Each structure stands twice: as C-alpha cells, then as structure tokens.
Amino acid sequence: MEEDNKPDIKPVIDEAQKEPDDKKTSLCVALKILKKYNLNSTAETLKKEANLTDSAYNTSEHDVNNALNIFKSQGDPSVYENAYITLSKFVETSLDIYKHELGCVLYPVFVHMYLDLVCNRYEAEALKFMKKFGPGQESYYQADIQNLAIITKKEELEDNALISNYKSNEFVVRMSRDTLSLLKRHLKEKKQTVLLDIVQENLFFDVYEGIARNKQQIDAVAGGMIGEGTRQDNKSRVYYGLLKEPDLQTAAATVNLDEDEEETQESEKPKKKKSKSNPLLSKKTKIDPNAPPLDRMPLPQLREIDKKIKVQAVLDSAKRVALNHETLPSICCYTLLNCSNAVNCATISDDATMLAVGMANSRVRVWSLVPQKLRAMKTADQLLDIDLESDDVMHRILDDRSAETTRTLLGHYGPVYQVSFSPDKTLLLSCSEDCTIRLWSLLLWSCVVAYKGSYHPVFDVKFSLHGYYFATSSRDRTARLWATDNYQSLRLFSGHFSDVDCCQFHPNSNYIATGSSDRTVRLWDCVTGEQVRLMTGHKGEILTLCFSNEGRVLASAGNDCNVLLWDIAHGHLVAMLTGHKGPIYTITFSRDSTILATGSHDCKIMLWDYSKLLEDLSLDDMNVHNPTVMNNSPKYLLRAFGTKNSPVIHLFFSRRNIMFCVCSFNSPQSN
C-alpha cells in the first residue's frame with residue numbers, strides 16, 4: 001500500500017491498572033456502606049481524613065464485592081433454602097400476566113445463594129442446594145450450572161472466570177413497573193434479609209412502562225450469561241447505511257479499452273474504438289441518510305487496480321440472476337476429501353477465483369477455481385526489465401513457469417481457525433491456536449507479517465470490505481481492530497464475558513459485530529472503540545455472523561441451531577429461523593438480498609425467503625419498545641439441500657448470484 005493511501009488512525013494504548021492493596025479496599029468498602037445508607041457527610045469526612053483521591057484509590061467494584069463477602073452473615077444455612085422455596089412459590093402463585101417476568105429472578109438468585117453458601121464454607125448445604133434446585137433452571141443455563149457445581153470450596157472461588165463474571169456484574173432483568181412493584185411488596189412482607197440483600201446487590205432491573213411481557217417474548221431474548229441487554233445499551237445512534245460509491249467512469253473507460261484491444265487481437269482486424277458509457281456506472285447513487293459521514297472513518301484511497309475491480313464487479317452484477325421463491329440459485333459444491341476432522345475453515349475470494357482452507361495440521365491451502373493457475377512473482381533480476389508504468393504490470397511481474405493449481409502456506413504451528421482474502425486478492429490473513437495472525441502475500445506466496453496481540457488463541461479474522469483494516473476475535477474475551485501496516489492493534493473491544501468466537505465487519509467498515517460463548521452479540525464502533533449494541537437471545541455459543549447487503553440487519557447463528565435476525569438500528573431481535581439439527585457454521589445473503597442461506601454440521605444447506613420475511617417485518621413501522629419476534633420458520637423455508645455425510649463449513653454467493661458451497665467429507669469409519 002502506498003504511503004499516501006494509508007488512513008491516519010492512531011492506535012489506542014491501554015495502560016495497565018495497578019491492583020489495589022488491602023487498605024485501599026477496606027476504605028472503599030467503608031465508603032460504599034456509608035453511601036448505601038445515605039451518610040454522605042460522614043463519607044466525605046472519611047475521604048478527607050484518609051486523603052482518598054480518585055486517581056490514587058481507584059478500587060474496582062469486583063474487589064469491593066469480594067471484600068464484602070468476607071463479612072457475610074454466618075447464620076443458619078437453611079435460611080437460603082427456605083428463602084428460595086418461598087420465592088419460587090410466590091412466582092408460581094402469581095397472576096399469569098406477571099408470573100413469567102417474576103420467574104426471571106429465580107436463576108440469578110439461585111446462583112448467588114449457592115455462591116454465598118460456598119463462601120461461608122457451608123459445603124454440604126451448598127451441594128444439597130445445587131442438586132435440589134439446579135436441574136429446575138432453564139435448559140440454556142445448564143452448561144453454566146455444571147461449571148458452577150465444580151466450585152465447592154471457598155478457595156476455589158478465586159481466579160475463576162465464571163465466578164468473577166457473576167460477582168463483578170449485576171444480572172440484568174427487564175421488568176415492567178407493575179411487576180417490579182409486586183416483587184418489592186413481597187420482599188418487604190417476608191422480611192427475608194438474605195433474599196433482599198441478594199436482589200439489591202446483584203440484580204439490576206431495567207424498568208419499562210407498559211404491560212408485562214409474555215413467556216414467548218421473554219424466552220426469545222433470554223439466555224445471556226448475565227441477563228439481557230438494557231435499553232441504555234442500545235440507545236446510541238448507529239450509522240448503518242452504505243457509503244456513497246466513487247465515480248468509476250474513468251476506470252470503466254480503461255476496462256473497455258482493454259476489452260477492445262483483446263477483441264482486436266482475436267479478430268486481427270482493427271475496430272473503431274468507441275467510448276462506452278455503461279448506464280450502471282453512470283447512475284448516480286442516492287445519499288443514504290443513515291450512512292456515516294465520509295470522513296468519519298479514514299478509509300484507504302482507491303488505487304487504479306481497486307477501481308478496476310469495482311468496475312468489474314458492477315459489470316458482473318448486470319449479468320446477475322434475479323432470485324426468488326421460484327428461481328432458486330444454482331449451487332456449486334466443493335467437497336474436501338481425505339481430510340476427516342482436519343479442516344477447520346474455508347473461504348472464497350470475492351470474484352470466486354480462489355479457495356483458501358485452514359487445516360488442523362497448521363497449514364493453509366489455496367486452490368485456483370478457474371483455469372488460470374496460481375503464479376508467483378519473477379526473480380529480482382527479471383523484474384528489472386519490466387516497465388512498471390505499463391497498464392498490465394500485474395500480469396508482467398508474474399512468472400508463468402511457476403503456475404500451480406494449489407499452493408501450501410507454512411508458518412503457523414497450531415491449528416488454523418480462519419482465513420480471509422483481501423478485496424484485491426493480493427493478501428490473505430490467517431489466525432491460529434498459536435496466538436498469531438499471519439499476513440500472506442499471494443504474489444510471493446510467503447508470510448510477510450506475523451501479528452501478535454495476546455497470549456491466547458485467535459478464533460476469527462476478517463478483512464474489511466474496503467481493505468487495509470482487519471478484525472480479530474480471541475479466547476481472551478476481546479476483539480481487535482488492526483491495520484495491515486501496524487504491528488499493534490488500533491482498537492481493543494472489551495466487554496464480553498467469555499471467548500469471542502466470531503467477528504464481522506459492517507459493509508460500511510465503521511462497525512464490527514462480535515459473537516461470543518457468553519451467548520451475546522455485540523456491535524462496536526471502530527472510531528470510538530465503544531460498544532453501541534448488546535443483543536441477547538441465543539441459547540448457545542455464536543459461531544457465525546453476516547450483515548445484510550443494505551447494512552441494517554445482522555444474522556447470527558451457532559450451537560443452538562437457530563438463526564437470529566437483528567435490527568441494528570434499535571438493537572432488537574426481529575426474527576428467529578429454526579430447522580437445522582446441528583450447529584450452524586456459515587450464513588450468507590444473496591447479492592440481491594432476496595435469499596438467506598445457512599449451512600450446518602447436520603450436512604444440510606437451507607435457503608430462506610429473506611425478501612418475504614422483510615415484507616412481513618416492516619422494519620420502519622415496527623414497535624421499537626416491544627417488537628414482535630417473527631417465528632414462523634416453515635413459511636420462509638424455500639428449500640433444504642442435503643450432502644452425503646459432509647458438514648457445510650462455508651457458503652458464498654458470487655457476483656452473479658451463483659452459490660458456492662464448501663464441505664468436508666467425514667467417512668463413516670472416522671465417526
């Protein structure tokens with residue numbers, strides 16, 4: 001990339017915070033207790049006498065809560081069991097209109113009661129409490145409950161990520177004002193100190209005005225590790241519109257000129273060169289009111305080769321097949337044989353000419369999908385004889401004698417989890433269990449940069465649609481924004497409570513979506529580094545994400561076998577598609593946004609009528625306070641295609657709406 005094409009965005013360097021000492025923690029605990037009982041004047045006096053300043057004594061909420069746990073009541077452990085039984089009976093005997101919202105407090109209360117019993121060294125009572133009430137919790141919490149049940153001693157509470165999440169974060173419960181009033185009245189009447197303290201200290205009620213939600217509405221958005229997202233989490237404005245396309249007439253003239261020369265050479269008769277004006281290229285795009293300002297995110301300037309690629313994409317779109325419920329896409333399936341349990345990922349370049357696969361044996365394999373083979377650059381001596389100003393310099397620098405159908409890239413020393421092509425096909429990114437991201441040159445066929453941002457495996461990597469930037473997600477519970485010419489990450493997106501399994505750029509490159517094992521989908525602003533959307537509803541790990549072509553809808557799927565569609569304008573779940581029987585590995589939208597395709601471990605490809613779904617949703621007329629979640633999957637399922645014992649790991653729509661599928665064949669002997 002040329003120097004004048006590099007966007008000017010500065011890295012953000014986070015300074016490590018010093019851990020608080022015991023004196024600081026004790027003082028902060030005292031201040032917290034004083035403020036809890038509105039003894040503000042006494043708190044200020046203590047602050048002055050102890051010389052407490054925000055910069056010197058910045059103790060985290062987690063440390064304060066841990067210190068408070070030491071002073072928990074050492075009363076009768078049976079109080080916990082009786083209090084939970086009383087709360088359960090209250091929920092069951094409540095009116096149906098309130099029952100389902102009241103039931104949302106049972107799980108967080110169960111968790112914190114168990115932790116209190118373990119913290120107070122009532123190990124036998126804690127085990128009994130877990131066995132009695134654990135199986136009765138919702139199915140999507142059972143995996144967390146199993147991990148929780150392993151903790152049986154107070155010493156085991158330390159340095160446990162799951163316990164830390166529960167102790168340092170309030171469990172969010174969205175509840176109507178009437179339902180909350182009913183709960184408060186019950187807690188005051190029963191006067192159960194243990195239950196009251198847990199609710200006050202560990203639960204956050206996101207109160208709204210109106211009728212209480214029914215069971216279907218609650219189940220649709222339930223499942224997050226620490227509850228639902230609050231309305232405040234989704235209040236920021238999101239510029240989901242697309243950027244205005246650049247003027248491509250000049251580049252189109254060059255492409256047309258090249259085509260004229262080729263036709264002349266083939267016919268050996270000179271033709272009069274006429275200036276061609278393609279209506280697709282001369283059409284002026286309307287300014288999208290929801291698009292971000294052009295200077296909001298510094299994007300790389302388009303080079304001549306980038307413009308030619310865009311022109312070719314527009315010309316290909318003119319030959320695009322219009323898909324609908326009657327005209328389904330043609331499917332070209334590539335099946336990888338003799339590699340059982342060895343293929344982790346696959347991706348196809350935007351022009352559908354190359355396929356890259358990440359292997360469990362740390363290798364990256366690249367295939368050519370067209371008759372033209374993969375060539376490498378000529379030697380340095382041969383390059384000296386080439387005119388770098390010529391229009392076909394990219395063809396001249398490649399050596400035809402080095403052409404091969406497939407190439408292998410060696411450099412990682414752990415399983416490769418994901419690969420991603422750059423828009424111009426000259427670069428390839430890969431991420432691995434070895435904690436590195438490698439940038440490969442597809443001209444030299446060697447690694448040119450190895451990025452290292454953490455000491456944890458990197459699960460996903462994605463190039464921006466505009467090039468230059470790329471995003472990664474990792475086991476360290478963070479996602480990062482990178483630039484190809486910078487060894488350090490530009491932004492660190494921190495907020496998930498478990499592994500970040502996948503990431504995806506928004507079509508305008510201003511936002512990055514992430515999916516995590518904490519069962520939440522989050523949207524991050526690349527400019528500010530802040531979280532702008534928090535969406536809950538998945539019941540398992542999220543493995544794949546995909547934005548619609550217009551940029552407003554985000555599709556996500558994973559181990560719960562469901563496809564969820566989100567309106568990122570407001571952060572609402574708008575539709576759920578069910579039908580797969582295994583984890584969903586890949587999602588993609590057709591180029592004309594009429595069909596949504598999903599591929600799963602159950603060896604099936606499902607095609608959904610996305611255009612019909614959009615008509616029924618009417619996003620612009622939707623109730624933004626309490627939207628209805630569309631859940632009529634058979635109505636929108638167009639067709640299901642099965643493979644022969646080959647899980648689907650990648651789906652891709654070409655510019656002409658031909659669907660490409662990549663599968664990995666698992667022989668019956670290997671199962």
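**Note on helices, repeats and single residues**

1. Start with Tyr468: this residue counts as buried, at 6% relative accessibility. Buried means under 20% relative accessible area, exposed means over 50%, and partly exposed lies in between (1.4 Å probe, protein chains only). Tyr468 sits in the loop between strand S14 (458-463) and strand S15 (469-474). Its phi is near 70°, a positive value in a residue other than glycine. Helices (H or I, at least four residues) and strands (E, at least two) are DSSP runs, numbered from the N terminus.

2. A word on the model. The model is predicted: local features need pLDDT of at least 70, side-chain atom pairs count only at pLDDT 80 or more, and totals for chains, interfaces and linings use all residues. Residues are numbered from 1 along each chain as its sequence is written, and side-chain values use heavy atoms, with hydrogens and water left out.

3. Ser362 also has a positive phi, about 75°, although it is not a glycine. Look for Ser362 in the loop between strand S5 (354-359) and strand S6 (364-368). Ser362 counts as buried, at 15% relative accessibility.

4. How do helices H6 and H8 pack? Helix H6 (residues 106-119) and helix H8 (residues 142-149) meet at an angle of about 5°, and their axes are 11 Å apart. That makes H6 roughly parallel to H8. Angles under 35 degrees count as roughly parallel, over 145 as roughly antiparallel, 65 to 115 as roughly perpendicular and the rest as oblique. Axes are lines fitted to C-alpha atoms, for helices over the stretch in contact, and angles run from 0 to 180 degrees between N-to-C directions.

5. Which residues make the contact of H6 and H8? H6 gives Tyr107, Phe110, Val111, Tyr114 and Leu115, while H8 gives Asp144, Ile145, Leu148 and Ala149. Contact means heavy atoms within 4.5 Å. Eight of these residues are nonpolar, none is polar and one is charged. Ala, Val, Leu, Ile, Met, Phe, Trp, Tyr, Cys and Pro count as nonpolar, Asp, Glu, Lys and Arg as charged, and the others, Gly among them, as polar.

6. Helix H7 (residues 123-133) has Ala126, Phe129, Met130 and Phe133 buried. These residues cover an arc of only 100° around the axis, which puts them on the same side of H7. The arc is that of the directions from the helix axis to the C-beta atoms. An α-helix has 3.6 residues a turn, so residues three or four places apart point the same way. The buried residues of H7 pack against helix H4 (78-93), H6 and H8. On the other side of H7, Ala124, Lys128 and Lys131 are exposed.

7. Lys184 belongs to helix H10 (residues 177-190). Lys184 is partly exposed, with a relative accessible area of 48%. C-alpha to C-alpha, Lys184 and Val199 are 9.8 Å apart in space and 15 residues apart in sequence.

8. Not counting residues up to four places away in sequence, Ser556 touches residues including Val521, His538, Trp566 and Ile587. Ile542 is 14 residues from Ser556 in sequence, and 7.0 Å away in space, C-alpha to C-alpha.

9. Residues 409-442 are 0% helix and 53% strand, with end C-alpha atoms 10 Å apart. Residues 577-609 are 0% helix and 61% strand, with end C-alpha atoms 11 Å apart.
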